[in-house]
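Me: I have a model open and would like to talk through some of its local details. Could you go over it with me?

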Amino acid sequence: MLKKIKHLWHIIRQLSGDDAYERYLKHHAEFHASAVDAPPPLSRQDFFKYWQESKWSGINRCC
Amino acid sequence: MNKYIKNIIWIAVAILGAYALAGIALNRGESINAIWLVTAAVCIYAIAYRFYAAWIAAKVLTLDETRATPAERLDNGRDFLPTNKWVVFGHHFAAISGPGPLIGPTLAAQFGYLPGTLWILIGVVLGGAVQDMVVLFASTRRNGRSLGQMARDEIGAIGGNAALIGTFMIMIILIAVLGLVVVNAMKHSPWATSTVAATIPIAMLIGLYMRHIRPGRVLEASAIGLVLLLLSVVAGGWIDHDAGLREWFNHGGLTLAFAIITYGFAAAVLPVWLLLAPRDYLSTFMKLGTIFLLAIAIVILRPEIHMPAVTQFVDGSGPIFGGTLFPFVFITIACGAVSGFHALIASGTTPKLLSNERDIAMIGYGGMLLESFVAIMAMIAATVLEPGIFFAINSPAGVVGQTAVEAVKTINSWGFPVTVEQMEQLAKDMGESTLFARTGGAPSLAVGMASIFANAFGKSLLALWYHFAIMFEALFILTTLDAGTRVGRFMLQDILGNFNKKLGETSYMPSVIFTSALVVAGWGYFLYIGVIDPNGGVNILWPLFGIANQMLAAIALCVATSIIVKSGKAKYAWVTGLPLTWLVIITTSASYEKIFSEDLRVGFFAAANHLSTQLAAGTLSPERAAVAPQLIFNQHLDAYLTVFFVVVLWVVVLDMLRLSIKHLRGEQVKPFTETAYVKTALE
């Protein structure tokens, strides 16, 4: 039961983008951090700015 | 054994669905329980999803779960990102479900509950859900390309530009009609106006919180925002009861229209994080929560439907909008049955998040089924009202008469009993000064929802529930208005960028202001005309929106059909060809009637000529004579717009047919643009 609630909470966080920064850090560590001259990951605030801009650059709401 | 049980269950679902459908279709008694509509809908959706969608996935599209999706191949951690299928489903559904499926069925309820319900169910199973699913598939196989790009690749430049212009026009008309709905909901209602106004500073506060106070804490910020929104509904009641304060928010249609126009411009120019993004969070949560609550309330309460199955207005004399059952019920209910706009979402963000092709049926087909269910609930909320009350709220003063006594007399003459006292009591219960001629669908939906909620969760709070429902509708209508204006601005900048590089830069402030002003002026014009039109404006704007939206759906289905033919599955082309044919028939005949009909409430030219004659003869009242030239100009403009839509539609359809026939003859046509197979490495 607890496991199911945890899973649901996980999905809600993912749906709303609440955990977007954590996912970004994970992605960064996995794919980009290994390069020699890799830039450090963005700060939470900078990442959120970037994420929001890119989310709102196309058609994402309908009738 | 297991398979045997499964078969029995599916046969039971089929029998139950058929029984419920026969029950609602053949019922000619006094009233019918709403639970039958819900049962019929759920059974039909289940069977359609399990069998038709699965068949399309396996035979027509031949989905391949070993094939890597663009999200996997082009993963950049941002827009291309393999995502949990429930999360993609949530994003997709939140994006496609707007106010359309709530308003369309409410308006179409003037024909009775049956025609609209049948069209919602049949339309979604064979049309809307198929369109969304096939377009999602096509875009997934083409690196997430947009509908416009796919139309250009598959059909040619004409198809591509048609999709682009169609989208832009729909946006303008949609925003105007939505603005009109909000204006009519707030007209001389200090409670509604103050609550809706409060959503703006609340959104800004949440925007600041997410940006600067606790960056990226979306859930936390949204929770605070939702509490504030609920408080604003209560506070609106206090303002309404304060003799001084209420005058601040007591405004007529024109003032509110200009307020919304100003707001729309500000929202398009301000940075997204301040207003647009936080408002979108709040409205998405509010929307999902309220729809869920409404479904539960309907199941608990099982309300009786009081509207007849079919009313006399199928002959075209309906008070809410003029026009016969065919083709106008199919134009009025677009979203919820089939909506061209969805093709933009299905070829936008969604394909870039999809981690496996096998989820295309669940997200594309299933998402649209859920949207259709929202439309069914709107139909229920509209038809549980006594028909007399429903028509009193939704009929414009220009049709039923200016005073309450006249309106009641006209509505009684149609055979729908309602009294002035009844309407006064209802308005008092809902905390409104009047509920006569509150056109646009939002007030009657709110009355329906409030009575359902109040009966299910506490009767004493009727006025609070009513204004909660108004706030819920206004919140996401305004979100569509903001987001639509912004998208319109991007599209315009994209087009103007071809002529002047500077104008095409989305961050160049003079261009931002110029293009935003142009887009706002476009919908602001239609909104203004809608407000000064004594017939309520919705009568004109909603069919125009319906025609435009169905035209876009037809273009999307043309792209889908041509892709199916080119993939060597011409024998299955009917899957998209059938809904396409139907859309072409209804769009063309509706356009024909809007242009050539002699009926003053249907034909644009007929209405314009009638008004000109009246104006020349001097039989109009001074107020009406003052606005008549603008109304005449607008009727002409609307007629030419309709001509334009139908011409664009036919050009694309004929072009698609020409290419398909050429391809079937073995001649060289535009190449098949599917990306090459790459095996998935996920799982």
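Reply: Gladly, and a place to begin is Thr62(B), which is partly exposed because its relative accessible area is 36%. Please keep in mind throughout that this is a predicted model.

Me: Where does Thr62(B) sit in the chain?

Reply: Thr62(B) belongs to the loop between α2 (34-60) and α3 (70-73) of chain B. Its phi is near 40°, a positive value in a residue other than glycine. As background, most residues other than glycine have a negative phi.

Me: Which other residue has a positive phi although it is not a glycine?

Reply: Arg302(B) is one, with a phi of about 45°, and its place is in the loop between α13 (276-301) and β2 (304-305) of chain B. Arg302(B) counts as partly exposed because its relative accessibility is 45%.

Me: Is Glu65(B) buried or partly exposed, and what about Arg358(B)?

Reply: Glu65(B) counts as partly exposed, at 45% relative accessibility, and Arg358(B) also counts as partly exposed, at 39%.

Me: How are Arg658(B) and Asp655(B) placed relative to each other in helix α28?

Reply: They are 3 residues apart in helix α28 (residues 622-664) of chain B, which means that about one helical turn separates them. Arg658(B) is partly exposed, with a relative accessible area of 44%, whereas Asp655(B) counts as buried at 11% relative accessibility. Over in chain A, salt bridges that share partners join Arg13(A), Asp18(A), Glu22(A) and Arg44(A) into one network.

Me: New topic, the contact between the chains. How many salt bridges are counted between chain B and chain A?

Reply: The count there is 0 salt bridges, although 6 residue pairs are in polar contact between chain B and chain A, both residues at pLDDT 80 or more. On the side of chain B that touches chain A, helix α4 (residues 85-96) of chain B gives the largest share, 7 residues. The residues on that side divide into 27 nonpolar, 17 polar and 6 charged.

Me: And what area is buried between them?

Reply: About 3300 Å² is buried between chain B and chain A, with carbon and sulfur atoms giving 63% of this area. Of the area that chain B buries against chain A, Arg211(B), Leu219(B) and Asp280(B) supply 17%, more than any other three residues. In terms of contacts, 50 residues of chain B touch 28 residues of chain A.

Me: What does His212(B) touch, leaving aside its neighbours within four places in sequence?

Reply: His212(B) is in contact with Gln45(A) and Trp273(B), and a polar contact of 3.2 Å joins the side chains of His212(B) and Gln45(A). His212(B) lies in helix α9 (residues 190-213) of chain B and counts as partly exposed, at 43% relative accessibility.

Me: Last one: where is the cis peptide bond?

Reply: It joins Phe326(B) and Pro327(B), with omega about 5°, and Pro327(B) is found in helix α14 of chain B. That helix is mostly covered, since 6 of its 8 residues are buried.

Me: What do the buried residues of α14(B) pack against?

Reply: They pack against α5 (100-108), α6 (113-140), α25 (538-566) and α26 (574-596) of chain B. One of these buried residues is Thr332(B), at 4% relative accessibility, and a polar atom of its side chain lies 2.6 Å from the backbone oxygen of Phe328(B).

Technical notes: Residues numbered from 1 in each chain as written. Chains lettered and ligands numbered in written order. Predicted model: local features only at pLDDT ≥ 70, side-chain atom pairs only at ≥ 80, totals over all residues. Heavy atoms only, no water. Contact = heavy atoms within 4.5 Å. Buried area = accessible area lost by both parts, 1.4 Å probe. Salt bridge = Lys/Arg side-chain N within 4 Å of Asp/Glu carboxyl O. Polar contact = N/O pair within 3.5 Å; in protein donor to acceptor, adjacent residues only side chain to side chain. Helix = DSSP H or I, 4+ residues; strand = E, 2+ residues; numbered from the N terminus. Nonpolar A, V, L, I, M, F, W, Y, C, P; charged D, E, K, R; others polar. Buried < 20%, exposed > 50% of the residue type's maximum accessible area, 1.4 Å probe, protein only.
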